[in-house]
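Here's a quick tour for anyone meeting this structure for the first time. Have a look at it, then read on.

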Amino acid sequence: MGKWGVLGATVALARAAVAIKVWQEVKRLPTSTVDAGPVTVVVPARNEERTIDGCLSGLRKQDYADLRIVVVDDASTDRTAEIVRRHAEEDPRVRLISSSGPPSGWAGKVHALHVGCADVDTDWLLFMDADTEAAPDLVGRLLAGARRDGVDLVSTSGRGTRPSAGWWLLLPPVNQLLFETTTVDGRRGMALAVGHCILVSRAAYERAGGWSAIAGSRADDVGFATLVRDTGGRTRYVDGADSLTTSGMDTFGDMWASMRKSMVAGTSMYAKGPATAFLSLGSTGLAHIAYGVVPAVTALRGSRLGMLALLGQTVAGWIFLRRSRQPQSAAVLAPLSYAVFGAMSLDAAWQALRGTAKWKGRDVRG
């Protein structure tokens, strides 16, 4: 393989080292909880009849004294509003706000979050996706994490409700890219956050200009955390997956569609126009297919450098699977994982070029 083999093995091992290092920096939420006064939870919901009941049930069972729950029905065409009304009738802490959808210049989810924050006067805001379900201690642990780390924003992602090939084949490369392009403490580059669950102090939220400051952005997690950081706030991504699950990516098809949407939306933060997005996503796809296939093929032919590269890929996959509570033995699928992610990126590139990248009927491009 010569110098290219040395380079490939070095890159694979270096990427694995970065993944291990960053995971060591991702703190787990404290096991204890704190009470920091009233907290308002805002849940944007668009056609979430399959998941909203579980989401609200989890929030209503929180071991937290003063919780207000606002659900914004974002022009749903299913039974979402009906289900929320039932919860509101059973629990006065639950409030339903109806939205006819985003006005021109606004992204749908960002607008729903903005609407949900109207007239909120609590010191903390918690933004939750409708396809998540929280354990009873989540809110208290998030506040304990914010206090422990001295931050204004803390975010965590949920774990899958059941083992899924999507978690083994698509999320390890996604996690690796996130760790290479963002920082868990927000001190440089872009600040890492995940839209599943974002807790922010109202003071930092208002200082950042709220959701209206990124009205047209589809990057409502990393973009929002970076905005909070850039306006003087401190942010941190944490591991709270033992208190939060997500069912929105239970099947491989769900995961593919969700990650494709996120890739197109994330690329829109810097790509100017569909052609640029196509080139960026397309090159990412081809690079990852080669990154997965070449080491595996050369290792099978007896190349020691190929074996080293394969080892690096496997270790990077293993650390992600271990921390995300997925079967660690699936790390042996690392080469296939990169190739599948590459194929998904090519799909995203094609949709970005054609302008057909949709999520719940709306364009996901910025």
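Which residues of helix α2 (residues 52-60) are buried? They are Ile 52, Cys 55, Leu 56, Gly 58 and Leu 59, where buried means under 20% relative accessible area, exposed over 50%, and partly exposed in between (1.4 Å probe, protein chains only). These residues cover an arc of only 160° around the axis, so they sit on the same side of α2. That arc is taken from the directions from the helix axis to the C-beta atoms.

This is a predicted model, in which local features need pLDDT of at least 70, side-chain atom pairs count only at pLDDT 80 or more, and totals for chains, interfaces and linings use all residues. Residues are numbered from 1 along each chain as its sequence is written, and side-chain values use heavy atoms, leaving out hydrogens and water.

And what covers that buried side? The cover includes β1 (39-45), β2 (67-74), α3 (80-90), β4 (124-128) and β5 (132-134). Contact here means heavy atoms within 4.5 Å. Helices (H or I, at least four residues) and strands (E, at least two) are DSSP runs, numbered from the N terminus.

Now for a couple of loops. Asn 47 is found between β1 and α2, and Asp 119 lies between α4 (108-116) and β4. Each has a positive phi in a residue other than glycine.

| Residue | Phi | Relative accessible area |
|---|---|---|
| Asn 47 | near 55° | 29%, partly exposed |
| Asp 119 | near 65° | 78%, exposed |

Finally, Leu 308 lies in helix α12 (residues 304-323) and is partly exposed, with a relative accessible area of 37%.
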